[in-house]
Amino acid sequence: MEEWIVQYVGEATEVFADFTGEYDVLLGGFAIVSGDMEEVTSLKNRSGVLYVEGPQVLECEQFQEQRAGQQAICLEDAGLGKGEGVLMAYLDSGIDYRHPEFRTLEGKTRLVGIYDLSQMPAKEYSQEEIDEALLVSVVDGNRLVPVADVSGHGTHVAAIGSGNTGVAPQSEILMVKIAGGLQDESSTPALMRGVDYCVRMAMRLRQPMVINISFGNTYGAHDGSSLVELYLNEMLNYGKLSIVVGAGNEGDKAGHAKVMLDSDEEKAVELAIGPYQAPFFLQIWKRFEEEAVIWLRSPSGEEVPLSEKERQAVFRVGKVRITVSSLEPTPYMRRQAFLVAFASEESYLSAGIWKFYMKRRQKRPMQIDLWLPANGQLQEKTEFLEPSPETTVTIPGTASRVITVGAYDARFGQMASFSGRGYPTFSVEIKPEIVAPGVEVLSASPGGGYTFRSGTSMATPFVSGAAALLMEWGIVKGQDVFLYADRLKAFLLRGAQPLPGNEQYPNPISGWGRLCIRKSRP
């Protein structure tokens, strides 16, 4: 009799009530069923059933995709363990702690804890509490540990790096939930609180730790000088840590423009505001010591000065209100920024082409950078008409000491167009420094199943998992007790391999090349 795999949510006794065939319940919301073909097919229409599929197809896709990813990063024959003794912390959208990827053969959790920062006050759930939640029904378990992963982002990411079919399947998992909704939005304070929690735990447990961050934004000078970037650099001085950050998905989003003023001629940057665009602001960054005249021309021809001495000025152009704020250098940053906020008397901004004009006041070359908000905050047609894909690594991926990861398509050996690119502004830093598979990556999804996702979020945990394997070999097993932070990064970059068609390394697109664990071991 043919067998089928069923993915479901809820209590199995309710989902399969009145089913006359046979079924075996597995962990994580899966079951193997057999019986009359017509009745098995009818399971698809039951409310608790998420998916019904033949086991060969599902097992084949899952195994081949995971195996292909591990081959792409040279995991086979690397002579390393599986991450035992290393803590892997994920700052993300939460985790489906019931998923089989995060449970032992005995059904217990592999998580050392969950820290939920998406609600205030924050709530901490211990390993013992998670295990208790796994012993009872889903409803009762959700009362004990009410942590859901609404978007599925954190579940997907954590399984790539630390799942039972992931890169470091014996590492210990710590999930810090810093985003709670479908939009996966968080804040730099939440990020910093999460990192603080992770570092304190690593120090308390006296274990090496890898911190995986798949979040970023475009606000800042992109030169490593923001407080969150400086904070991450400083945290690497506490304990035996490595911090791995995604390069962001802004590479092809037309959200960055760069102007070089190398003559006395004025230059212009055109910004298209698409239909139904909500209020937003953009940033203009330059060196403070270099003076320039900057003004904005509306679609109807009105002009607004942007580079005057006032700290803040408000202008009205038709129904649009433009607020210009000037930010001067800080003790940690020499740059100057102009924040230009677009608002409207109506629900949306009027569509049209706005032009930023710039002219230098000194006879020396000047660089001026403009950034729009991250793409998720903009309508499709709101973009610079002549964008620069360089310097699109999101913050905090521009922090100098973190390992910044871009994405490539392992199926074809080529870079993903969306992957954020370097270099950081006014800097000689190489960002991203390394790339990993980030296109159509198969990994866990809430409810016990698996799905494909793309993004540098997916590439980042491949490198985090690699870091955990090397830290186990070096620190846990005593082969190299200083193999963390900058030393670990150096070996990962030395082992990186070129992508086809790229002859010059490092470069601002793929850094030092693709991750290859086998060649990264000291």
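**Exercise 1.** Which residues are buried in helix H8 (residues 227-235)?

*Solution.* The structure is a predicted model. Step one is to list the residues: Val-228, Glu-229, Tyr-231, Leu-232, Asn-233 and Met-235 are buried in H8. Step two is to identify their surroundings. These buried residues pack against helix H7 (188-205) and against the strands E9 (209-213) and E10 (241-246).

**Exercise 2.** Determine whether Val-33 is buried or exposed, and state where Val-33 is found.

*Solution.* Val-33 belongs to strand E3, which covers residues 30-34. A residue counts as buried under 20% relative accessible area. Val-33 has a relative accessible area of 1% and is therefore buried.

**Exercise 3.** Classify the aromatic pair formed by Phe-16 and Phe-19.

*Solution.* A pair of aromatic rings is described by the distance of the centres and the angle of the planes. There are eight aromatic pairs in the count.

**Exercise 4.** Classify the pair of Tyr-115 and Tyr-197, and explain which parts the pair ties together.

*Solution.* With 3.9 Å centre to centre and 5° between the planes, Tyr-115 and Tyr-197 are stacked. Tyr-115 lies in strand E6 (residues 111-116) and Tyr-197 in helix H7, so the pair ties together parts that are 82 residues apart in sequence. Tyr-115 counts as buried at 17% relative accessibility, and Tyr-197 counts as buried at 13%.

Methods. Residues are numbered from 1 along each chain as its sequence is written. This is a predicted model: local features need pLDDT of at least 70, side-chain atom pairs count only at pLDDT 80 or more; totals for chains, interfaces and linings use all residues. Side-chain values use heavy atoms; hydrogens and water are left out. Helices (H or I, at least four residues) and strands (E, at least two) are DSSP runs, numbered from the N terminus. Buried means under 20% relative accessible area, exposed over 50%, partly exposed in between (1.4 Å probe, protein chains only). Contact means heavy atoms within 4.5 Å. Rings of Phe, Tyr and Trp (its six-membered ring) pair if their centres lie within 6.5 Å; planes under 30 degrees apart count as stacked, over 60 as edge-to-face and the rest as tilted.
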